[in-house]
2 protein chains.
Amino acid sequence: MSGPNKEHIIKSYDEELARLTGEIVRMGELAVGQLEAAIDVVERRDERAAQRVVANDEVIDQLEQEISHDVVRLLALRAPMAGDLRNVFAALRIAADIERIGDYAANVAKRSIPLSMVAPIAAASGLTYLAELAATEVRDVLAAYRDRDAERAHEVWQNDAELDEAYTGYFRQLLTYMMEDPRNITPCTHLLFMAKNIERIGDHATNIAESVWFQVYGEPLNAQRSKRDFTSSPELPHLGNKN
Amino acid sequence: MSGPNKEHIIKSYDEELARLTGEIVRMGELAVGQLEAAIDVVERRDERAAQRVVANDEVIDQLEQEISHDVVRLLALRAPMAGDLRNVFAALRIAADIERIGDYAANVAKRSIPLSMVAPIAAASGLTYLAELAATEVRDVLAAYRDRDAERAHEVWQNDAELDEAYTGYFRQLLTYMMEDPRNITPCTHLLFMAKNIERIGDHATNIAESVWFQVYGEPLNAQRSKRDFTSSPELPHLGNKN
């Protein structure tokens, strides 16, 4: 089974896999960069910069396409089995999650454009905190993926609760702004969707954490993750009825 | 290359692929059923039924897991090439899109629970129309997938513009309800998210249409699809400033 030929094939397969991992980490870093740029754009209300963020999303989409092609090629040429197949599948799923993260970041930037036309409201600053939590999650889970570190992935998975709670608090806060003054309604609905986008980025980070876990252990990160977006559950106070 | 043995293998592969297609269509029908049940629940404001819809989403999630396993098995055992590999990849992507459609339908049902506690507002009825458009799209694209009918898939892809426009109109309508009476704000934010979920279901139907197209022709449905969610672009009137 050994010999130079076999070794060459093995090395080359490992190399291809390492290249795939590198591509995905790079794609992930672009997506985090997009999220940070989007928030910067919201704070500065810079329409041109916002359009740049929206346009850059194309790059991430193309990277996902390329990664899919690489995966197909790898499957066709190598027909990997068991653990190797898990690696390839994880790559495919993680690339799809990163692509979604990029979409959400671009949508945050896009929504900052109508926002920039209305009076700045204090509410927008709450978004920055959410985005920082989300960006940290994505960075950490990318590191976990790069290092095949299941425990670190599990930590990210757990930390997402913090983002969910911050989102819920921010959602309530926006409702009160809207009730105080009808002129706040339109900008605040944009902020609601922007916040929801960021909360969804956290969900994709936990998806990636699950993929890393599965890749390392070959079984699902099983503990039922409770959904913590309380804004869609009955616990939310019906502020609207109190006025 | 011929002979009974080879034929047996080919037939069995075709059978497995046909079974996979059948599973995916079944999964898709469950997801459409969930969307219809969710809307029924919104109309009747039935909390128990809503919780049933939320719980049923688990079934769709499990089906996706099973399909992923089947795909891994198929790849490992058969190492399919070219067209066959495209079929298998399309199956994987379509299953992921259907899983998301199921999630969005469950979220619509979940948000109907807080909605049922507030006074019924006329605005909710607009949601039914959006849901009907989305359900039709999903049914049509499933049929296109089942029959490998790229032209029908392309039609669905084009028809999604109608849903996007209806969504934009509904979004504006909800903003006016919110401005008329602050008591409408909380229920209308739920309706905003519910409508957005339905609009996203349409996006996943177009993703499926793209997968069908790629499966049939081996090249992407290339014409740049313009994003038509005008609610996140500057064209939206800033009603909030006019009061």
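In the predicted model, helix α2(B) supplies the largest share of the lining of the largest cavity, 4 residues. Helices here are DSSP runs (H or I, at least four residues), numbered from the N terminus. A cavity is a set of points on a 1 Å grid over the protein atoms alone where a 1.4 Å probe fits but cannot get out, and lining residues have an atom within 4 Å of a point. The model is predicted, local features need pLDDT of at least 70, side-chain atom pairs count only at pLDDT 80 or more, and totals for chains, interfaces and linings use all residues. Residues are numbered from 1 along each chain as its sequence is written, chains are lettered from A and ligands numbered from 1 in the order in which they are written, and side-chain values use heavy atoms, with hydrogens and water left out.

The structure holds 3 cavities of 30 Å³ or more, a volume being the space filled by probe spheres set on grid points joined across faces, edges and corners. The largest has a volume of about 50 Å³ and is lined by E16(B), R19(B), L20(B), D70(B), V71(B), R73(B) and L74(B). The lining comprises 3 nonpolar, no polar and 4 charged residues, where Ala, Val, Leu, Ile, Met, Phe, Trp, Tyr, Cys and Pro count as nonpolar, Asp, Glu, Lys and Arg as charged, and the others, Gly among them, as polar.

Notes
On a 1 Å grid over the protein atoms alone, a cavity is a set of points where a 1.4 Å probe fits but cannot get out, and a pocket is an open set with protein on both sides within 12 Å along at least five of seven lines; lining residues have an atom within 4 Å of a point. Helices (H or I, at least four residues) and strands (E, at least two) are DSSP runs, numbered from the N terminus.
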